[in-house]
Amino acid sequence: MKQLLKPVLIAFSVGGLLTGSVLGAVGYTQYQAMNAEALRLETVVKSQAWRLDNLTKNQSRLEAELSSFKDEKNKSYDQTISALMQAKNNASIEALYAMGIKALNEKDAPRAYFALAQVQQANPKYKAIAEEYPKAEQAYGLHQQKLLQDKLKAAYTLAFDQQAKGQFAQAKANYETVVNTKPDFKDAKTRLLVVSRQLAVRTQTRELAQKKQWLEAAYK
């Protein structure tokens, strides 16, 4: 019996040694791999930390530069506004007067009135401003009247066309604009009354048609 067990024990011992050696080798290999991975991760972490530090520094530098740029821009803007205001305040009466007379001769009423009004306000006795300014003022008044007349004419024409097309609500709104601005403009007031009646009749007709449809539906 002992002779039979001896080979088995020897084989078992040898197998255990071999298994232990293999496991030890595998464990050592894994240990080396873990160390290598740890070193690699440490390098990555350091690299990321370095990049983060650089980004933080760059961001701080950019914020400082941006702040400086904004300050310079605001300063430049203030200087520009100051220069413009100073130029306006120092504009010579002679230049304004010359511009106003030139515009008046060219029948540019708004520009003539604007320029000569400033001269009149600054120095009522300057050259012939006492004669020229009233001309510019009158020309500007006529210019404004013409603009108003053109506006009323356009609104009246549009309302007339809308009324002819049966667009009574739109026509009424435009006639009202004309009448509220200038009550005696052509026959706008009369046309407003007519189109208001037309709109009322149309509204009543629609309401009756809707009631009829409702009653027919209810009856059915």
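Tutor: Begin with burial: a residue is buried under 20% relative accessible area, exposed over 50%, and partly exposed in between, with a 1.4 Å probe and protein chains only. This is a predicted model, in which local features need pLDDT of at least 70 and side-chain atom pairs count only at pLDDT 80 or more, while totals for chains, interfaces and linings use all residues. Residues are numbered from 1 along each chain as its sequence is written, and side-chain values use heavy atoms, leaving out hydrogens and water.

Student: What percentage of the residues of the protein chain count as buried?

Tutor: Of its 220 residues, 15% do.

Student: How many helices and strands does the protein chain have?

Tutor: Helices (H or I, at least four residues) and strands (E, at least two) are DSSP runs, numbered from the N terminus. The protein chain has six helices and zero strands.

Student: Which residues of α5 are buried?

Tutor: They are F168, A171, N174, Y175, V178 and V179. The arc is taken from the directions that run from the helix axis to the C-beta atoms. These residues lie on the same side of α5 because their arc around the axis is only 140°.

Student: How many residues does α5 have, and what does it reach from its first C-alpha to its last?

Tutor: The expected span of a helix is 1.5 Å times one less than its number of residues. α5 has 14 residues and reaches 20 Å, close to the 20 Å expected.

Student: Which residues have the most contacts inside the largest nonpolar core?

Tutor: A nonpolar core is a set of buried Ala, Val, Leu, Ile, Met, Phe, Trp, Tyr and Cys residues joined through side-chain atoms within 4.5 Å. The largest one has 13 residues, and Y156, Y175, V178, F185, A188, L192 and V195 have the most contacts inside it. Two or more residues each come from α4 (129-164), α5 (168-181) and α6 (188-219). α5 gives the most, with five residues.

Student: What does L192 touch?

Tutor: A contact means heavy atoms within 4.5 Å. Not counting residues up to four places away in sequence, L192 touches K172, Y175, E176 and V179. Apart from that core lies another, of 12 residues, among them I101, A103, A112 and V119.

Student: Is E132 buried or exposed?

Tutor: E132, found in helix α4, counts as buried because its relative accessibility is 16%. With residues up to four places away in sequence left out, E132 touches Y97, I101, L104 and L116.
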